[in-house]
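The following note sets out points for a colleague who wishes to read the model alongside its sequence. Each point takes up one topic and may be checked in turn.

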Amino acid sequence: MTTSAAGDADPDSFERVVNDLAPGCTVDDTEEGGLYVATVNGVVKYGVFVDLSEQLSGLVHESKLDGTYEIGDEMLVRLVEIRENGDLGFEDVTTEFDDLDRVDVAHGDGVTIDELADRTGDAVHVEGDIVQIKQTAGPTIFSVRDGTGVVPCAAFEEAGVRAYPAIELGDTVRATGGIETHDDAPQLEVDKLVRLRGEAKTEVRERIDAAIAANAEPADPDPLIEWPAFDSLREGLTAVARRLRTAVLEGRPIRVRHHADGDGMCAAIPVQLALENYIAEVHADPDAPRHLFKRLPSKAPFYEMEDVTRDLNFALEDAERHGQRLPLLFMVDNGSTEEDTPAYRALAQYDIPIIAVDHHHPDPDAVGPLLDEHVNPYLHGEDYRITTGMMCVELARMIDPSITDDLRHVPAVAGLADRSKAHAMDDYLALAADAGYDETELEDIVEALDYAAHWLRYQSGPNLISDALDLDCDDAERHAELVEFLSSRARRDVERQLDDAEPHVEHERLDNDAHLYRLDVENHARRFTYPAPGKTTGELHDRKVTETGDPVITIGVGPDFAVLRSDGVRLDIPNMVTELQDELEGAGVSGGGHLVVGSIKFVPGARERVLDALVEKMEAAELDAELRSTLLRDDN
Amino acid sequence: MTTSAAGDADPDSFERVVNDLAPGCTVDDTEEGGLYVATVNGVVKYGVFVDLSEQLSGLVHESKLDGTYEIGDEMLVRLVEIRENGDLGFEDVTTEFDDLDRVDVAHGDGVTIDELADRTGDAVHVEGDIVQIKQTAGPTIFSVRDGTGVVPCAAFEEAGVRAYPAIELGDTVRATGGIETHDDAPQLEVDKLVRLRGEAKTEVRERIDAAIAANAEPADPDPLIEWPAFDSLREGLTAVARRLRTAVLEGRPIRVRHHADGDGMCAAIPVQLALENYIAEVHADPDAPRHLFKRLPSKAPFYEMEDVTRDLNFALEDAERHGQRLPLLFMVDNGSTEEDTPAYRALAQYDIPIIAVDHHHPDPDAVGPLLDEHVNPYLHGEDYRITTGMMCVELARMIDPSITDDLRHVPAVAGLADRSKAHAMDDYLALAADAGYDETELEDIVEALDYAAHWLRYQSGPNLISDALDLDCDDAERHAELVEFLSSRARRDVERQLDDAEPHVEHERLDNDAHLYRLDVENHARRFTYPAPGKTTGELHDRKVTETGDPVITIGVGPDFAVLRSDGVRLDIPNMVTELQDELEGAGVSGGGHLVVGSIKFVPGARERVLDALVEKMEAAELDAELRSTLLRDDN
Amino acid sequence: MTTSAAGDADPDSFERVVNDLAPGCTVDDTEEGGLYVATVNGVVKYGVFVDLSEQLSGLVHESKLDGTYEIGDEMLVRLVEIRENGDLGFEDVTTEFDDLDRVDVAHGDGVTIDELADRTGDAVHVEGDIVQIKQTAGPTIFSVRDGTGVVPCAAFEEAGVRAYPAIELGDTVRATGGIETHDDAPQLEVDKLVRLRGEAKTEVRERIDAAIAANAEPADPDPLIEWPAFDSLREGLTAVARRLRTAVLEGRPIRVRHHADGDGMCAAIPVQLALENYIAEVHADPDAPRHLFKRLPSKAPFYEMEDVTRDLNFALEDAERHGQRLPLLFMVDNGSTEEDTPAYRALAQYDIPIIAVDHHHPDPDAVGPLLDEHVNPYLHGEDYRITTGMMCVELARMIDPSITDDLRHVPAVAGLADRSKAHAMDDYLALAADAGYDETELEDIVEALDYAAHWLRYQSGPNLISDALDLDCDDAERHAELVEFLSSRARRDVERQLDDAEPHVEHERLDNDAHLYRLDVENHARRFTYPAPGKTTGELHDRKVTETGDPVITIGVGPDFAVLRSDGVRLDIPNMVTELQDELEGAGVSGGGHLVVGSIKFVPGARERVLDALVEKMEAAELDAELRSTLLRDDN
């Protein structure tokens, strides 16, 4: 007898179980003593002939019956005898089903989905969850996964008509039918599709969960470098890897939203590479990596309402059009701050779990309740010097360790991009040097990435970025020439911008002895080109720090924003924003960032008032040689 | 004998008709006395053997012939005798066809398309119009509709080569062939495809038109509320419903352009729901609703040249790429004004009919000649208080009455969104209350819609909007939480914007005793976020009306525009625009709107001159407590 | 014996060649005396039985063997005898292959791809290059071209698994298998796919190159008019036509980037028409013209970094997703200047050849090394009066001469659009007149194109533009009405803009007696509508030239740009830009153009300084009645 929910049920419940056989069931699918659903197919003087399946028929003697029956009536019989010649003997006939669990018995072997490739032509059943329902012009295609794989199950009701309309995404089912080869991959042609309930469902769900849990378990590679600070993050990253691998196994799409800067790309691209490999491994469909993974650079340093509205809109459309599940959202180098919460709350009404790996100063009280996982060095007494790229390279290796060799230089690039002074930087630079990248080359890659990202304008541009980052690039010379070209263009454009800006930079010596440099980026910088105002201000600041030495504050002022950077002064930009909001009526102040690197927005009419108040606060700030603008958020 | 054009022809014309039999025709397809095309297939001493079809052959005796014939020659014969044994007797043989109408006779039963599902394997013919021609890498697919349905007819000439190149979109044809099942839907494998002409065409076209007219007839549900004003609009809305259903039956795509505000969405979304249902009912292809319907929110309060150029471009591309017909354009809550006419005239060169349902003050002289249907309460002595949402809910029910239960609260939402003071509002609110929505909840929905639409930025976002509007939302709790979230965000952002703006609002008491409030929305409001300048000005105005009581005028001033709202003052904004155009040289004034709600554009250099002139006109306006800014057009 | 690399090899090398027979090979595929790979399939006392193919077996006597063999072992045998009964006799048996060239021998006839349509069911082999590799959920599809056509070859390894992973895009191969019909086009079901090397490869490559060279040879039609200046351009245009036709034959996509003005469209659209026809002729897939050709209007008068980044991104994605080759880039009415070189250098790392046909003043030293072909009248002592449209109409006719009759009026439109005073203009106007277009009509087309292009906003809009240009438009009345509508709208909008601007135009008489007109296009022109600042300035200039007579200079000034036009003054705008860059510190000056038509960019804060310096230079310029602003670049 094949595996069936009935057979697996615990003995105590046996008496309460009535088996409903699939059309193809034979005597091998039955058991003496079991209760079965029978359908009348003939009425004779001495009783009624009944079918248990297309293969199994027998006579119920009139002595067992009370009342009259018509063809098509259902009754319940106990199968008490299977004779040598195949005749069946029945007892305990009744038409009262109410207190019984009706369990569907599949014909064919119960198999796991990873075994189907060898079963073409066989009748089998699989048990699993519905992860996609797609209506075609012909059959309805139910994608079923059981933790070992995903198989399309084609059920035909009528051309273009939804088969089994009661069965929905997420249901646990048993699909019975023949295995055919469709586009050379196995497909189950459904004879019967049954939603499992009760114990049968519980048993199958447990089996699936165990299979997924087993398959989802990330690899546990040694970190690329000896890195004590990493230990505290390891558990969180493992949990994130597990969630991402689980999503792949569950057929749930993954959407990555990442900061569109160097560190953000060094974090998101390795994860993309690892996940695309893993999706390709799990899903037979060669288009699956494209359908199940999307990476989206974010323009703002937080998750804007416009972005989340667009993302939600696309997710709902994909769900409707392709019968996909709603996605898992993965925030990378972004997503830790209070400013992200409105977007998160917009998603909270939908089945869209959110996880974040970030190194920006987090507001765990605000985002904690909205995130399913949150990895951030600040939560472990570390800080932004552990960049997201460093963390996500390890994360990517947990998802797919086979890509390790392509990634050895990436943490160093991420660190240089965010000017990280982490202790680990030396080791990362050494690791990159071993892989053949000296520091000059890595710096060039940083500039090239920044320049390419600028012109991609928030398209993801995976191939170009991979070539610039030398990730999965099959042509070393192309990488080198591309980086040489992009980085020298970037440097030339920065040079030109600063040369034009310098004559208009206003210098002032504050009471606290800090140098204040002020540039009107609206009027004295090229607009709509590279470098943008944030980068322009940052590069100007670096020049001034080099020229004059600390303490230095630089402000890049636009019509409704100011970009701030400071070295050697104890600024606290988030706090300054809060104070300005209180002090300046009708100035529409918002913004923030880090202590000494950030940006402030205001209404254009309040520009002078805001700047005056800002300078006053800067003047009152204490000097502190430790506070350095090593981490840039390019906000404008 | 099967239906054939020959058989149906009127007797007088019989002598002029020569029948060309399809290859599969049998004796049942012929009639004694008829003229037939015969092809020589053998030449013998005593005459020639001819074929009338693959099944029908006979001898033409040499006594009937003059001249010599070769195999393959065509001649015309009169069939005078069909003997018991199937032999045919011919007379009146000639090779002169010139003065005769050659009519193709199909073999197989003439059937309607809705009968094809039961005819797999049969040889049949269908008669109808070509609504799509799609060239594949293999056969050419002609979609034929006969008013009962649409069937793909596959004709193969050579791989990738257009079969029957003379047959074009819109032709009336007879397609003969076998019915096969393709993707489990019937497809006709074409043996012969003939363009019908003359009477045969007329007869078929009349039959199709009758079938379409019968099927296109809208439902006639009772209006949701007793509503005398509606009676005058009913006929127009029925005509619109009929046109939209006809378009679906004809396989013509429908494009909806609607005002992107609350009323516009409450109007367009129910129509979308009804049409998608109806398309799914008529067309077997499950992708048909997506291919045949598109809803596009308009940024401007009229049909801009940029939008129409883009729409026309896409329509021409779809027509070329998918062999689709050009679309029907349906303007919703938009499209009644002179400003729409340039766009309409751009379409006039193409087969793109336009219909409009709107409640903005119309210019029927300007748009009338360009619209095929125009429903607007002003055309019936009513006004904007009957909102487009109210009308379109009834329209949607005429298209598909089954959606009524989902729509009961929608007219109330539409009315609140446009601050309608229609007499019907009380009844609509009561109707919504019966459906479980109290007024507070409806107001929240209005705010949520406005907020979601802002961030969707003129994407249609159907699922999100449907969830916010609780239309076809399968999860009441999600709707409630989504609305709660979106509406509270919207209110908070408005609050914040007004708090920042208030200190900069300039107040002035005009000579006519009206309060004039003036806000520089460029310099004292947050830019590129919610609420936009129009909404900001409207909310400020409402605050001021509450604070000071009438009469109040509010102006939100940008660098090249001004948003105007007024309560209790007899402004006439369209007239003011006309006067300013005359009075101010080189100011580039345009714009308009309603009497007391509107906006004005000008060139930035003329800003002060325009504003001074405007205020002067406001000062000269009479007070009129009746004139209230109940209808907002959010122009900026 | 069929063609095989072995058979074709030169006799000297024969002894070094061992033949590996395909499974289906019969005795006809062999030759007495040849060396063959044999596989042991039986071991008996007196020797071993070996297979040379599924059809060819024989006994190797133990006397020829040393050592023992197991089933599955390979050895090398010389086939010395093919007996009447088919038995084979072997000599010279060895297992040492190392110093031998192993050559695969295909079974089946060697055929060219254009013969495959008649070979359904046959076993054949084809030899050619891999031009696309597409992984499906089932087989891997290799597109092979041999210069006579392209055929898909389906190789199945395992569902969704890349077959023959060692074979890459660009490899020269022999594909052996059966011809089946797939979507009614021939497809080769691969039994064996072999990468050719050495002489076999050389021979096939030469055959392919010869076939492509023969097929790629452009037509050589007489120019539409007698045109001495054209002779010098003819060779270059022929080379461009050859490259474009070669790209089509090679299955390489073509991307056209063209100036989005009248001349640019008159140049690019005929080329599009010709290439789409030619692609359809060469490729069976009806979607090929859409996949292999894309036309993209450029906003800027040069190839911007943003555009090239986007283009490269899409090209890399298409290459990855569709297994396509990287494209050929064709710059039209654009691409000759130093400003284009950064974009070109960004592509230089990739296999993306670039060709250009342009009539703007070229910088051959800068662009020459980066272009594979460069046609420009300046390179032959001619100038911009030979417009790109004039050249590209001849180019299009070289690619597909059948479209000549549709193009007779296009050079005249191109010339009028660029106000060409070429000697050829009279002949072109006469040619257009013969085709039924008088000059007024042509002028209307020019205005209509400009207006449509403006609203298309850098979408390509091929159908709308074709209708306006009356190219391939199947409805003369539609063309006429469309042009009438668009051109009258364009003229009305220009009229309105100038009427508003006129009162604000500042007039000045320079020391050199030139009239200087100056318009603040930011403050005294409508924004974001038609006409844009460049067109506004140009039209104003034309008015002023008419009103006042020469010499006239007109400047349209925006916040960070100035548009310049001049008649009768010896300006040299490129030189003025260079001087301003030197003289004005921190002004961020860039730009250029022609001598008397151009534009200048600067940072907003330098506006007054730049304008003052500009006017000073204008004042110093000599008058020169010959220098006229006949060619407009609409930069802003």
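Predicted model: local features only at pLDDT ≥ 70, side-chain atom pairs only at ≥ 80, totals over all residues.

1. The open sheet of chain C. In chain C, 5 strands in the order 15-14-16-17-18 make up an open sheet with parallel pairing. Its edges are strand 15 (293-298) and strand 18 (373-375) of chain C; each has a single partner strand, so one side of each lacks a neighbour in the sheet. On average, and with direction ignored, neighbouring strands of this sheet are turned by 15° against each other.

2. Strand 14 and its surroundings. Strand 14 (residues 254-259) of chain C is joined to strand 15 of chain C by 6 bridges in the parallel sense. Within this pairing, C:Arg255 is placed opposite C:Lys294 of strand 15. Helix 4 (residues 262-282) of chain C lies across strand 14, strand 15 and strand 16 (328-332) of chain C. The direction of helix 4 is at about 165° to that of strand 14 of chain C.

3. A helix pair in chain C. Helix 3 (residues 228-250) and helix 9 (residues 388-399) of chain C pack with their axes 9 Å apart, at an angle of about 50°. Because of that angle, helix 3 of chain C is oblique to helix 9 of chain C. Their crossing is right-handed. Residues of helix 3 in this contact include C:Phe230, C:Leu233, C:Leu237 and C:Arg245, while those of helix 9 include C:Met391, C:Glu394 and C:Ile399. By class, the contact comprises 10 nonpolar, 1 polar and 2 charged residues.

4. Strand pairing around strand 2 of chain C. Strand 1 (residues 17-21) and strand 2 (residues 35-44) of chain C pair in the parallel sense over 2 bridges, and C:Asn19 has C:Tyr36 as its bridge partner in strand 2. Strand 2 of chain C also runs antiparallel to strand 5 (residues 74-82) of chain C, to which 5 bridges join it. There C:Tyr36 has C:Val77 as its bridge partner in strand 5. A further antiparallel pairing, over 5 bridges, links strand 2 of chain C with strand 3 (residues 47-51) of chain C. In this pairing C:Val44 is opposite C:Gly47 of strand 3, and a hairpin of 2 residues connects the two strands.

5. The contact of chain C with chain B. How many residues of chain C are in contact with chain B? On the chain C side there are 31 residues, which meet 28 residues of chain B. Helix 13 (439-456), helix 14 (462-469) and helix 15 (476-501) of chain C each contribute at least two residues to that side of chain C. Helix 15 of chain C gives the most, with 7 residues. The side of chain C that touches chain B holds 12 nonpolar, 6 polar and 13 charged residues.

6. The contact of chain B with chain A. Here 31 residues of chain B and 28 residues of chain A take part. The largest share of the chain B side, 7 residues, is from helix 15 of chain B. By class, the side of chain B that touches chain A has 12 nonpolar, 6 polar and 13 charged residues.

7. Chain B is superposed on chain A by a rotation of 120° with 0.1 Å of shift along its axis, at an RMSD of 0.2 Å. The two copies are therefore related as by a three-fold rotation axis. Which residue of chain B comes closest to the rotation axis? That residue is B:Pro559, whose C-alpha lies at 8.0 Å from the axis.

Note on methods
Residues numbered from 1 in each chain as written. Chains lettered and ligands numbered in written order. Contact = placed C-beta atoms within 7 Å. Helix = DSSP H or I, 4+ residues; strand = E, 2+ residues; numbered from the N terminus. Nonpolar A, V, L, I, M, F, W, Y, C, P; charged D, E, K, R; others polar. Pairing = 2+ DSSP bridges. Least-squares fit on C-alpha atoms with pLDDT ≥ 70 in both. Axes fitted to C-alpha atoms, helices over the stretch in contact; angles between N-to-C directions. Parallel < 35°, antiparallel > 145°, perpendicular 65-115°, else oblique. Left-handed = near helix turned anticlockwise from the far one by under 90°.
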